[in-house]
Amino acid sequence: MFSMNHQKFMEMDELSLQKVPYFFIIDFLSENVEIYKEDEINKSGLLIDFQQFSNSEKQHNLNKKIEWTSFPETLESFKKGFDKVQKNIRLGNSYLVNYTRKTEIQTNLSLKEIFYHSNAKYKVFYKDFFVFFSPETFVKIIDGKILTYPMKGTIDASFENAAEVLKNDKKEKAEHYTVVDLLRNDLSMVADDVKVDQFQHIDLIRTQQKDLYAMSSEISGNIKPEFAGKIGSMMKKLLPAGSILGAPKPKTLEIILGAEGYDRGYYTGVCGWFDGENLDSCVMIRFIEKEGDRLYFKSGGGITHMSRLEDEYQEMKNKIYVPIH
């Protein structure tokens, strides 16, 4: 398995060194790496809508009332994995674990309709397999600089002074500091002069169910000479993405695999568009997957020693939405 992926990452390096535009998709465990050159994208059945690249046609209005029901697991079921995570945090094996769940949903929207009508910075529809509408950038590479924008911490925007409350929430703040620190360390593996340019910036995300505020920061660095132009090598070094894993990485990955009890697959993997010069990539979150004739929404949140079971359970459920107004 490993050599196959190794080859794929090398292929990404070759293409980016030759300045050939391509789109790539990498699953959570970097076991599946797919590469599509620009002229192969349309034939692949992929629909992509990024800020810098889109192959989606303009769609008609959605002339139906959206039906949307989710069937979250019970609190008891959620608690099993949550307790395993907390136990590991108490033992000092990890200080931040991103714990995710898989929830069955029923809707009268097709995956393709969800792709066309949801609002998000990054959207991909992958054949009849999955769709995601992600607000989260993984890394951008612009003129030899690498930038990342860790996003951690959300709150219902209808709460009084929601943005201020989010900024000052002890648990959310701690989680945000941790992820910023983690990603600063990660970027340092492939870049020099890594610094935090913006800290705790608040964005509004509008959805059909409710509006949310999300907190993000900006970190940047200058790509080390040995990684210059090598997108594959950089991805291999940086994955899995710290924001959806936790810290420290190797041990936390072990905890996740033991606690979640399902296969994330492409969920929380990354995909990106390299235009021949620069890269824009995202973390594949806000993710709906088709299994047989059922649809599942995969969602989760960061757990620290301050996390409360009921709050985390609620946050996991809050994220099961589709941003269609």
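Trainee: Is F274 buried or exposed, and how should I read such a label?

Mentor: The label rests on relative accessible area: buried means under 20%, exposed over 50%, and partly exposed in between, using a 1.4 Å probe and protein chains only. F274 has a relative accessible area of 3%, so F274 counts as buried. Y22 is buried as well, with a value of 0%. Please note that this is a predicted model, in which local features need pLDDT of at least 70 and side-chain atom pairs count only at pLDDT 80 or more, while totals for chains, interfaces and linings use all residues. Residues are numbered from 1 along each chain as its sequence is written, and side-chain values use heavy atoms, with hydrogens and water left out.

Trainee: How many aromatic pairs are found in the whole structure?

Mentor: A pair of aromatic rings is described by the distance of the centres and the angle of the planes. Rings of Phe, Tyr and Trp (its six-membered ring) pair if their centres lie within 6.5 Å; planes under 30 degrees apart are stacked, over 60 edge-to-face, and the rest tilted. The search of the whole structure gives 23 aromatic pairs. One of them joins Y22 and F274, a tilted pair with 5.6 Å from centre to centre and 45° between the planes. Y22 belongs to strand β1 and F274 to strand β14 (residues 270-274), so this pair ties together parts 252 residues apart in sequence. Helices (H or I, at least four residues) and strands (E, at least two) are DSSP runs, numbered from the N terminus.

Trainee: Which residues form one aromatic cluster?

Mentor: The cluster consists of Y126, F129, F130, F132, Y266, Y267 and F287. Y126 is buried at 7% relative accessibility, whereas F129 is partly exposed at 28%.

Trainee: How many salt bridges does the structure hold?

Mentor: A salt bridge is a side-chain nitrogen of Lys or Arg within 4 Å of a carboxyl oxygen of Asp or Glu. The structure holds 19 of them. In one, the side chains of E73 and R101 meet at 2.5 Å, N to O. E73 sits in the loop between β4 (68-71) and α2 (75-90) and R101 in strand β5 (residues 96-107), so the pair ties together parts 28 residues apart in sequence. Both E73 and R101 are buried.

Trainee: Where do the partners R294 and E104 lie?

Mentor: R294 forms a salt bridge with E104, with the closest N and O atoms 3.4 Å apart. R294 lies in strand β17 (residues 294-303) and E104 in strand β5, 190 residues apart, and the pair thus links distant parts of the chain. R294 is partly exposed, at 43% relative accessible area. A network of salt bridges also links K171, E175 and E312.

Trainee: Which side chain of opposite charge is nearest to D27?

Mentor: Lys and Arg count as positive and Asp and Glu as negative, while His and the chain ends are not counted. For D27, the nearest side chain of opposite charge is K298, 10 Å away; D27 is buried yet has no salt bridge. D27 lies in the loop between β1 (22-26) and β2 (33-37). The side chain of D27 reaches the backbone nitrogen of E31 at 2.7 Å.

Trainee: Which residue lies over the face of F28?

Mentor: A charge sits over a ring if NZ of Lys or CZ of Arg is within 6 Å of the ring centre and within 35 degrees of the ring normal. R264 lies over the face of F28, at 4.4 Å from the ring centre. K123 lies over the face of F115, at 5.3 Å from the ring centre.

Conventions: Polar contact = N/O pair within 3.5 Å; in protein donor to acceptor, adjacent residues only side chain to side chain.
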